[in-house]
Amino acid sequence: MIVRRPVLSLFVLALILLAATAWQNRQHLAAFPGIISAYTAKEYCSCRYVMGNPADYCQGYVKQYVPTSAFLDDAEHKRVTASGLGRSNTAAWVSPHQGCRLMPEADSTL
């Protein structure tokens, strides 16, 4: 079969190698969806409330190739909640010395 269909054989081999690599890195791949929303919330909070930049500048600063599905900037409480790939994370401003910190659980307001 390899001699008669070399392209198909290479495709099957590449598919097997890809599946093996995905299996070896399954823990890292499972963590990826949470990283998108956590990065967006934390970096936007730092940009906006620690550095004092305008909101539209910070929106561009945290923009990624993988888009977020929801975003909430609570300026009154200095909290930011971002959702993406099915996960939500909230970051809140703590103090001038500590900056922003990811909260243990995201706000359920999104």
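Biologist: Why is Lys78 called partly exposed?

Modeller: Lys78 has a relative accessibility of 30%. Buried means under 20% relative accessible area, exposed means over 50%, and partly exposed lies in between, with a 1.4 Å probe and protein chains only. Therefore Lys78 counts as partly exposed. Lys78 sits in the loop between β1 (70-74) and β2 (79-84).

Biologist: Before we go on, what sort of model is this?

Modeller: This is a predicted model, where local features need pLDDT of at least 70, side-chain atom pairs count only at pLDDT 80 or more, and totals for chains, interfaces and linings use all residues. Residues are numbered from 1 along each chain as its sequence is written, and side-chain values use heavy atoms, with hydrogens and water left out.

Biologist: What makes the phi of Lys78 worth a look?

Modeller: Its phi is positive, about 55 degrees, although Lys78 is not a glycine. Most residues other than glycine have a negative phi. Leu85, also not a glycine, has a positive phi near 55 degrees, and Leu85 lies in the loop between β2 and β3.

Biologist: And what makes Leu85 partly exposed?

Modeller: The relative accessible area of Leu85 is 46%, so Leu85 falls in the partly exposed class. Tyr57, in helix α3 (residues 55-61), has 47% and is therefore partly exposed.

Biologist: How many helices and strands does the protein have?

Modeller: There are three helices and four strands; helices (H or I, at least four residues) and strands (E, at least two) are DSSP runs, numbered from the N terminus. Their order from the N terminus is α-α-α-β-β-β-β.

Biologist: Why is the protein called more spread out than a compact globule?

Modeller: The radius of gyration is taken over C-alpha atoms, and the globule rule is 2.2 Å times the number of residues to the power 0.38. For 110 residues the rule gives 13 Å, while the protein has 20 Å, well over that value, so it is more spread out than a compact globule. Along the principal axes, the C-alpha atoms fill a box of roughly 70 × 25 × 25 Å.

Biologist: How do you know that β3 and β4 pair?

Modeller: Two strands pair if DSSP finds at least two bridges between them. Strand β3 (residues 87-95) and strand β4 (residues 99-102) have four bridges, in the antiparallel sense. Ala92 stands opposite Arg101 in β4. The two strands form a hairpin, with three residues between them.
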